[in-house]
Amino acid sequence: MNTEQKRPPRPEPVDLREIGAPIDGEPQVSDRRLFFQLHVFGGCSDTYRIIETLEKSSLNAVLYDDLNHPTGIGMLFITEDPAVLTTKVRDLLAGLQHDTKLSYRPAMTMIGRTYASGREPNLAEWLLNRPLQNALNPDFPWAIWYPLRRNPEFYRLEHRERGRILGEHAMLGRSYAAGGYASDIRLACFGLDTNDNEFVIGLVGAELYPLSRLIQDMRQTEQTTKYIESLGPFFIGKVRKQFTKRSL
């Protein structure tokens with residue numbers, strides 16, 4: 001028997017690049033993306049030591065006061081290299097915990113990566129510049145961060161039907177952005193989140209009420225009413241200080 005006939009076909013190579021909308025018939029592709037990680041602590045009685053440490057670091061970061069915890073803070077770190085989160089960020093946080101009375105709240109940790117859907121007109125802007133600028137915008141002092149997971153039924157829908165459902169959600173977000181009420185940071189966290197969440201959402205804006213109202217309005221969309229399995233926990237923070245070290 002011919003052994004060549006027994007060999008199974010070779011699988012097609014996996015394309016891990018992010019893909020945006022075509023320009024002049026050519027798709028946009030990129031191997032770059034940002035990783036965001038939020039760490040939350042209690043027991044913060046004085047932020048001076050934290051601010052000093054973040055100022056001396058080389059990290060893009062945001063320090064938040066926690067709206068729902070009297071001594072709570074959140075520290076958001078943004079990097080293109082995820083290894084930074086296990087080296088520079090890890091060392092920085094270990095040093096702060098050693099020098100202060102911070103108590104870590106692991107249930108509130110969130111991590112995600114920027115991603116493309118294939119429809120972005122400017123791929124680099126979507127993956128790198130816009131998320132960084134939204135997080136570090138001095139005109140956006142309020143933020144709501146939360147993870148979510150869709151139920152399996154959503155992934156059984158046809159691609160076109162999924163697009164229609166997501167489009168309703170996206171139009172609502174764009175209407176808030178057009179009015180200057182809120183901007184979003186959308187991150188994928190498949191395989192990164194300890195609770196098997198799939199996405200992390202950051203809503204940022206000048207005032208807190210519109211962010212809350214946007215979440216209220218999104219509860220009425222088909223995606224949320226039918227296909228969201230879990231939401232939260234929610235971290236609501238007001239910027240104490242932003243640390244812009246590097247633009248992309």
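## Aspartate 24

Aspartate 24 is exposed, with a relative accessible area of 79%; exposed means over 50% relative accessible area, buried under 20%, and partly exposed in between (1.4 Å probe, protein chains only). You will find aspartate 24 in the loop between strand S1 (18-19) and strand S2 (29-30). Strands here are DSSP runs of E with at least two residues, numbered from the N terminus. Although aspartate 24 is not a glycine, its phi is positive, at about 55°.

## About the model

This is a predicted model, in which local features need pLDDT of at least 70 and side-chain atom pairs count only at pLDDT 80 or more, while totals for chains, interfaces and linings use all residues. Residues are numbered from 1 along each chain as its sequence is written, and side-chain values use heavy atoms, with hydrogens and water left out.

## Arginine 149 and its contacts

Now to strand S8 (residues 142-150), where arginine 149 sits. Arginine 149 is buried, and its relative accessible area is 18%. A polar atom of the arginine 149 side chain lies 3.1 Å from the backbone oxygen of asparagine 195.

Setting aside neighbours within four places in sequence, arginine 149 is in contact (heavy atoms within 4.5 Å) with Asn195, Asp196, Asn197, Glu198, Tyr227, Ile228, Glu229 and Ser230.

Aspartate 196 has a positive phi of about 65°, although it is not a glycine.

Proline 233 is in the loop between strand S11 (228-231) and strand S12 (235-243). The peptide bond joining glycine 232 and proline 233 is cis, with omega about 15°.

Note on methods
Helix = DSSP H or I, 4+ residues; strand = E, 2+ residues; numbered from the N terminus. Polar contact = N/O pair within 3.5 Å; in protein donor to acceptor, adjacent residues only side chain to side chain.
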